[in-house]
Amino acid sequence: MAVRKSTTPTDVPAKVLTAYYRDMLMIRRFEEKAGQLYGMGLVGGFCHLYIGQEAVVVGLEATAKEGDKRITSYRDHGHMLACGMDPNRVMAELTGRAGGYSGGKGGSMHMFSKDKHFYGGHGIVGAQVPIGAGLAFADKYKGNDNVTFAYFGDGAANRGQVYETYNMANLWDLPVIFVIENNQYAMGTSVSRSAHAPSLWERGAAYGIKGEEVDGMDVLAVKAAGDKAVAHCRAGKGPYILEVKTYRYRGHSMSDPAKYRTREEVQKMRSERDPIDHVRDLLLGGKHASEEDLKAIDKEIKGIVNASAEFARESPEPDAAALWTDITAEAQA
Ligand SMILES: Cc1ncc(C[n+]2csc(CCOP(=O)(O)OP(=O)(O)O)c2C)c(N)n1
Ligand SMILES: [Mg+2]
């Protein structure tokens, strides 16, 4: 992975840096708590943590405006928190409680928010990519300047439906940003074992789609590339591809034998490239914040996360009668 492009602390206002720090830390602490609850048997099924990848979604959400849409895979808790969804209702859904976004019937891969324009949470690898283009089609049809962020992994980038979507998206100039979150692995398969050429964004060239590689451990680099992509889409120039190079610290899901990489590899990334430490260094180095200020932020976030776990534990399990609801759509007047 490329060495971090240094950005001088004075480039970005302290308020903005602090917001990035807070938003990334919120995702990390929330996920640590979700992992703990999983270990305690309170989260059923799968649980795919996003820890290590926080700068991707936080940097891109910083480029979004009201009305923009987002859609992603099963590794979605960070995306939900970053677009402003309620941590209490996300945690309650993870634990299968009635107070969750899907009434406790969906779990981590089946959460949606019309208010925040979050369209899931998809368990089928790559399925969200054509749906994301469809969301962008709706905005284009309505004649507004909203964009859709369609996130998918390096593994998903090998699926055929991605390329059918690329073709149609550029043919119809759809305002969709294809965000490849290249965390280097698809379950236990490294990119070098699954991709003939290492550069995934360059595949867009076959369809005439512009794109670039981005350092996904640097929230400022993600924001800068995101601004460019968003401007391209809002101007009606069609889709754009961002291949964001990132890394997941935890296993693919909570049940991962971790035999496909060494502990040293993970440790090296954590100690040299951590996206939260990066912003922490900028804040402290630029004298924008003191250790005490950052501790206070951490304390406040831990409070929010603990409250979400408490909310989830206190929320009842869904009533048996809920088995018969939300199966077919109600006809809309
Ligand atoms: C169509 C399909 N094939 C296989 C699977 C099993 N599966 C779940 S996640 C995954 C790996 C996807 O990796 P990537 O796209 O890199 O995303 P990441 O998990 O790294 O975020 C696979 C093969 C699936 N869910 N759907
Ligand atoms: Mg991956």
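This note reviews the structure in numbered points, from the whole chain to single residues.

1. **Basis of the model.** The model is predicted, so local features need pLDDT of at least 70 and side-chain atom pairs count only at pLDDT 80 or more, while totals for chains, interfaces and linings use all residues. Residues are numbered from 1 along each chain as its sequence is written, and chains are lettered from A and ligands numbered from 1 in the order in which they are written.

2. **The chain as a whole.** The chain contains 11 helices and eight strands; helices (H or I, at least four residues) and strands (E, at least two) are DSSP runs, numbered from the N terminus. The radius of gyration of the chain is 20 Å, close to the 20 Å that the globule rule gives for 333 residues, so the chain is as compact as a globular protein of that length. Here the radius is taken over C-alpha atoms, and the rule is 2.2 Å times the number of residues to the power 0.38. The C-alpha trace spans about 55 × 50 × 40 Å along its principal axes.

3. Of the 333 residues in the chain, 46% are buried. A residue is buried if 20 or more other C-beta atoms lie within 10 Å of its own, exposed if 12 or fewer, and partly exposed in between, with C-beta atoms placed from the backbone. Among the contacts in the chain with a separation of 6 or more, 76% join residues 24 or more positions apart. Two residues are in contact if their C-beta atoms, placed from the backbone, lie within 7 Å.

4. **Helix H5.** This helix has 15 residues and reaches 21 Å from its first C-alpha to its last, close to the 21 Å expected at 1.5 Å a residue; the expected span is 1.5 Å times one less than the number of residues. The buried residues of H5 are Gln128, Val129, Gly132, Ala133, Leu135, Ala136, Asp139 and Lys140. They cover an arc of only 155 degrees around the axis, which puts them on the same side of H5; the arc is that of the directions from the helix axis to the C-beta atoms. An α-helix has 3.6 residues a turn, so residues three or four places apart point the same way. Tyr141 and Lys142 are exposed, on the face of H5 turned away from its buried side. The buried residues of H5 pack against strands S1 (69–73), S2 (118–122), S3 (148–153) and S4, and against helix H6. After H5 comes Gly143, whose phi is positive, near 80 degrees.

5. **Helix H6.** Residues 160–171 form H6, which has 12 residues and reaches 17 Å from its first C-alpha to its last, close to the 16 Å expected at 1.5 Å a residue. Val162, Thr165, Tyr166 and Ala169 are its buried residues. Seen down the axis of H6, these buried residues fall within an arc of 110 degrees, so they line one face of the helix. Gly160 and Leu171 are exposed on the other side of H6. The cover over the buried residues of H6 includes helix H5 (128–142) and strand S4 (176–182). Asp173, which follows H6, has a positive phi, near 50 degrees.

6. **Two tyrosines.** Tyr151 is found in strand S3 and is buried, with 27 other C-beta atoms within 10 Å. Leaving aside neighbours within four places in sequence, Tyr151 is in contact with Thr72, Ser73, His79, Val179 and Glu181. Tyr151 and Ser73 are 78 residues apart along the chain, yet their C-alpha atoms are separated by 7.1 Å. Tyr38 lies in helix H1 (residues 14–39) and counts as buried, with 21 C-beta neighbours inside 10 Å.

7. **Gly238 and His232.** Gly238 is found in the loop between helix H8 (219–234) and strand S8 (240–245). Leaving aside neighbours within four places in sequence, Gly238 is in contact with Ala169, Asn170, Asp173 and Leu174. His232, in helix H8, counts as partly exposed, with 18 C-beta neighbours inside 10 Å.

8. **Ligand 1.** The ligand is surrounded by 14 residues, of which the closest are Val125, Gly153, Gly155, Ala156 and Ala186; a residue is near a molecule if its C-beta atom, placed from the backbone, lies within 6 Å of it. The shell has six nonpolar, six polar and two charged residues. Ala, Val, Leu, Ile, Met, Phe, Trp, Tyr, Cys and Pro count as nonpolar, Asp, Glu, Lys and Arg as charged, and the others, Gly among them, as polar.
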